[in-house]
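Work through the exercises below with the model open in your viewer. Try each task before reading its solution.

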Amino acid sequence: MSPTVIDATKPLAILGGAKVRTKKFPAHKTIGAEEQAAAKRVLDSGILSRFLGTWHEDFFGGPEVQALEAEWAAYFNVKHAITVNSATSALYAAVGALGIEPGDEVIVSPYTMSASAVAPLIYNAIPVFADIEPEHLCLDPASVEANITERTRAIIIVDIFGLPYDRDRINAIAKKHQLAIIEDCAQAPGVLHQGVMAGTLGDIGIYSLNYHKHIHAGEGGVLVTDSDELAQKLKLIRNHAESVVAGMGVTDLTNMIGYNYRMTELEAAITREQLKKLNGLLTERQENAAYLNQHLADIKCISAAPVREGCTHGYYQQPFFYDAEQADGIHRDVFLNAVKAELPVTELRETEGVKIGAGYVQPIYWQPMFQQKQAYGSQGHPWSTFNSSVSYAKGLCPVTEKHHLHTLGHHEMMRPLMSQADRDDVVEAFHKVWNHRQYLINR
Ligand SMILES: *Cc1c(COP(=O)(O)O)cnc(C)c1O
């Protein structure tokens, strides 16, 4: 790789010049012969699902579902794994199983996929947003503690971008205030916190198997817990609890309305093969991310987000910080749009654009539902019903808002199947924009 030389005859692609690369990046396709054979095995059997929503031996699902649950529990070193049809369903079931009551408060993160903040509302509880850590981007323990009231019952914490949350401090706060912890590990499967698997750091952990995630079956989710009692409730909520409790001999009816959150045999069989690939896929992400950090280190306006001490990072996205002062005042969005213009889209993900992002998602409380406090019906339930004075005002979480608007960048250029030559093109694009940044000033 040769350093890009400033060349006014070859201006930036965003200004009409030639791109660093036009050939699409390779597809992130991890589905292969193994998954095909697994799917065929299920199709040949004719049994695409084997759940019954009554108290019966098939209440727990078919052979692939049960085998996956055993293998998942073994891999993650946890007592129970419960499969569901998405991580969203998993989050909803987790809130229910913990016995959250209408009007209870649950502390959530504003900087995540929306379902992890919306989950309390499914049980008519109130989401309360705490701010995130400036460097690690998970919920900030000090902000969590400042948001605890006598109504607080739980924390939904997210291992955002693939980095485990601050277990030691958050778990101590939870213990002190008798709060349950739901760990949203959708972005960090197989990642370690002091040798312990992320997802097993709180009371219930959840994983996603949607097609964006480290391993996938198209759609799907998994819950984990060491508690027999919670595992049973999760299985009931997954599969028509109200029709099952009597036969099963369950007398505590708290949140025992059931759903159909069941995973099919097909997804379970595919996930069993994907799980075998997780270690390798994770290592590839980590090595690719390290390579990119090393080769982008001389670009003064960007810096790699640090990894929490004692943790590995799963790099669902590779986060970095942008400092406009180091780039002659050029705004992050201008700089990153110029980098994106140098690069191609990724095969099979053409509609998603170049996989470099500025600011991740909007702080969740900016969504109309929170701004207008209107969830169920038209009269403001549950906030109005419980006289909730919780604030969703803009400015509520300044660290999150600053990262969203100005300082956080992220990309997926460390995905498995990106070759060294592919990564070098990414490195060259960043350098080209950095070296030609004078053309971006005041744009
Ligand atoms: C993907 C994701 C989810 C939701 O996953 P689904 O399986 O699509 O429902 C939840 N939380 C986080 C942090 C995610 O990244």
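## Exercise 1: The largest pocket

The largest pocket has a lining of 29 residues, and those nearest its centre are Met113, Gln187, Lys213, Tyr316 and Tyr360. Keep in mind that this is a predicted model.

**Task.** Find which elements give two or more residues to this lining, and state how much space lies in the pocket.

**Solution.** 
1. Start with the volume. The largest pocket holds about 470 Å³ of space.
2. Go to the elements. Two or more lining residues come from each of helix H3 (87-97), strand S8 (204-208), strand S12 (356-358) and strand S13 (408-411).
3. Pick out the top contributor. H3 gives the largest share, three residues.
4. Sort the lining by class. It has 11 nonpolar, 12 polar and six charged residues.

## Exercise 2: The ligand

**Solution.** 
1. Check polar pairs, with a cut-off of 3.5 Å between N or O atoms. Ser208 places a polar side-chain atom 2.8 Å from a ligand oxygen. For Asn210, a polar side-chain atom also lies 2.8 Å from an oxygen atom of the ligand. Lys213 has a side-chain N or O atom 3.2 Å from a ligand oxygen.
2. On its own the ligand has 380 Å² of accessible area, and the protein covers 93% of that.

## Exercise 3: Cavities

**Task.** How many cavities of 30 Å³ or more are there, and which residues line the largest cavity?

**Solution.** 
1. Recall the idea. Rolling a probe the size of a water molecule over the atoms shows where empty space is left.
2. Apply the cut-off of 30 Å³ or more. The count is three cavities.
3. Size the largest cavity. It has about 40 Å³ of space.
4. List its lining: Glu135, His136, Leu137, Ile160, Phe161, Leu163, Ala305, Pro306, His313 and Pro319.
5. Sort by class. Seven are nonpolar, two are polar and one is charged.

## Exercise 4: Backbone checks

**Task.** Which two residues does a cis peptide bond join, and where is Gln178 placed?

**Solution.** 
1. Look at omega. It is about 5° for the bond between His381 and Pro382, a cis peptide bond.
2. Locate Pro382. It is in the loop between helix H11 (368-371) and helix H12 (398-407).
3. Look at phi. Gln178 has a value near 55°, positive in a residue other than glycine.
4. Locate Gln178. It is in the loop between helix H6 (167-177) and strand S5 (180-184).

Note on methods: Residues numbered from 1 in each chain as written. Predicted model: local features only at pLDDT ≥ 70, side-chain atom pairs only at ≥ 80, totals over all residues. Heavy atoms only, no water. Polar contact = N/O pair within 3.5 Å; in protein donor to acceptor, adjacent residues only side chain to side chain. Areas by Shrake-Rupley, 256 points an atom, 1.4 Å probe, with all protein chains shown as cover. 1 Å grid on protein atoms, 1.4 Å probe; cavity = no way out; pocket = protein on both sides within 12 Å on 5 of 7 lines; lining within 4 Å. Points joined across faces, edges and corners; volume = space filled by probe spheres on them. Nonpolar A, V, L, I, M, F, W, Y, C, P; charged D, E, K, R; others polar. Helix = DSSP H or I, 4+ residues; strand = E, 2+ residues; numbered from the N terminus.
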